[in-house]
Amino acid sequence: MFHIESLTKEYPTKTLFDKASAHLRPDTRIGIVGPNGTGKTTLLRMIIGTDDPDEGRVRKRPHLKIGYLPQELETLPGRTIIEATHRNEYPEHEAKRILTGLGLGEGDWDRSMSTLSGGYRMRVALAHLLLSEPDVLMLDEPTNHLDQATQSWLENFLLSARMTLVMISHDTRFLDRMVTHIWELRNYTIQEYRGNYTSFQKLRAERDAQETSAANRQAKEVARVQTFVDRFRYQANKASQVQSRIKQLEKVKLIDRKRDGKRIRFKFPEPRPSGKQVIELQDIHKAYGEKVIYEGIDFSIARGQKVALVGENGAGKSTLLKILAGVLEFEQGSRTLGHEVSVHYFAQHQAEILNPEHSILESLEEAAPQVEMNFLRSIAGVFLFSGNDQKKPIKALSGGERNRVALARMLIEPANTLLLDEPTNHLDPTSVDVLTDALSTFPGTIVFISHDPVFLSRAATRIVEIDEGKARDYIGDYEYYLWKRAQEWESIKQSTQPIDVAKPTKQHSQSKQPKPQSSNGSSAEPSIKSPSRRELSKTVARVEKQVSKAEEEITKLEGHIAQRDKELADPATYQDYSRWNTLHQERDKWGHELEKLTAKWSELSTQLETSKEQFKKLTS
């Protein structure tokens, strides 16, 4: 497909490539990895020709068609989503199918491009690229703004399309599932490994061990020769031997031993502790025009919690985080900060506010003019900027490096509450490790949004799932959340037809009077004090019938969903877009109904257990 031949690229403060070479073969899927700032994005730009190497060249096959999705998008053509995606030469039903797979349903197709967030603009651009059917598709961090369901769809699409891919991603699980080869940018070269990311790690560890062993042997030999030179330098009878060994030392090319980034550690500044209650939201209403996001949500955070907000794209996670941070107004309700609470908010596109002409140190100084320069240098150092790198202009940094600068700015002055929206976007695995270690030892409170399952697993102690304007609490880590969600679905092993389902109980009550609690802590319906034995018996019988009916309906609905999934999985279905779209929308509708019915069943089951317990106590 193309050859990278002896590529050299230098900047005044940094060398990226020195005679780097590689070869892209047809039907391969390449993952480009390496620490932030090693030139991953620059390499893609040199391949497509928007950046020039100082020496060397990229030799391409004649008439090679390359599609490129950059990290930072320029303005897309077209007034609406469908116009920006669809071109006359592409089938319109295919455009709609791909948009739907990327999480943009029929109701979104006529939305103005000017109203879209950066994440949704990226999806539109990706849809356009997928439709263009390039010979080589190059993607720079394609999963940064995708939820799990959309990412799974993209993976399946790319694998079934059999495209030749070159992609940059810090999502190691995505790389494991997608790539056939790894190109590691290391020591100014491109080092190729066959296999996925896990295979690469194993092979690199073996290579590192060999290089370390070779470096140790070389160091011992150099030390031995140097000892001879130092000992006999001034003895005339050894002059020729000394000169011979000096020339030998001059010819030695020392093996470069790179510092292991995973050993770099830092701690957030020690903040002043807050009160027990950090932030409380009561009866919050928030809408964007006619689109209602929250209609009376309650939410609170306690000191020391590390809360992860999860849910589908567009569910309202970033909106909730902005309301918690106090940077977004709402139509109704109240936001209360606890005693001595101080907040730092890191937005999804925080790096975009940086002055591109400032150096790293100047950017840090701008955030805290009164802080001494030595302290700023130390802060820059813990974020992996040292020496002359601290003088690099923001415009010369990679996306990951800019994110590190933005994080550093936020942490110059300590705060006891951190609100972070996708803090690991654009960060390489080493930087994610460093950040995760720091967050896990942070003594304050953290609320964050992330699509990175490894980061979620390591950083969170409480999971809050946002769905349809409601917040569902899981007091435990991310593994507990996944297990609990699986248990909730596995507890009902049947499927049902669409039915009229009552609304599920809200996880955070919107009424001013809280509902009474059952003996196991779950919400229960109000009941008369000291109910009689007859009343309890009637209640148990009535609720048992309701539970049985709900179970039957769930069985039917899951059966219909399973059948619909089978139809949607048939490739022949894709040939008739109208039918595929109808089936897909019906399946989504049933999925939402099943969730509501499951919540109703769970509520009734809890009520039944409570009533049985009361009846047992009364008759004993």
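Student: Which strands does helix α12 lie across?
Tutor: Helix α12 (residues 399-410) lies across β14 and β15. Helices (H or I, at least four residues) and strands (E, at least two) are DSSP runs, numbered from the N terminus. The helix runs at about 170 degrees to β14. Axes are lines fitted to C-alpha atoms, for helices over the stretch in contact (heavy atoms within 4.5 Å), and angles run from 0 to 180 degrees between N-to-C directions.

Student: Before going on, what kind of model is this?
Tutor: This is a predicted model, where local features need pLDDT of at least 70, side-chain atom pairs count only at pLDDT 80 or more, and totals for chains, interfaces and linings use all residues. Residues are numbered from 1 along each chain as its sequence is written, and side-chain values use heavy atoms, with hydrogens and water left out.

Student: What's the average pLDDT of the chain?
Tutor: The protein chain averages 78, on a scale of the predictor's confidence in each residue, from 0 to 100. For 84% of the residues the score is at least 70.

Student: Back to the strands. What is the order in the open sheet?
Tutor: The order of the 6 strands is β14-β15-β16-β12-β17-β18, with mixed pairing. Two strands pair if DSSP finds at least two bridges between them.

Student: Why is one side of β14 and of β18 left without a neighbour?
Tutor: Strands β14 (343-346) and β18 (470-474) stand at the edges and each has a single partner strand, so one side of each has no neighbour in the sheet.

Student: How do β12 and β17 run?
Tutor: Strands β12 (residues 306-310) and β17 (residues 462-467) run parallel, joined by 4 bridges.
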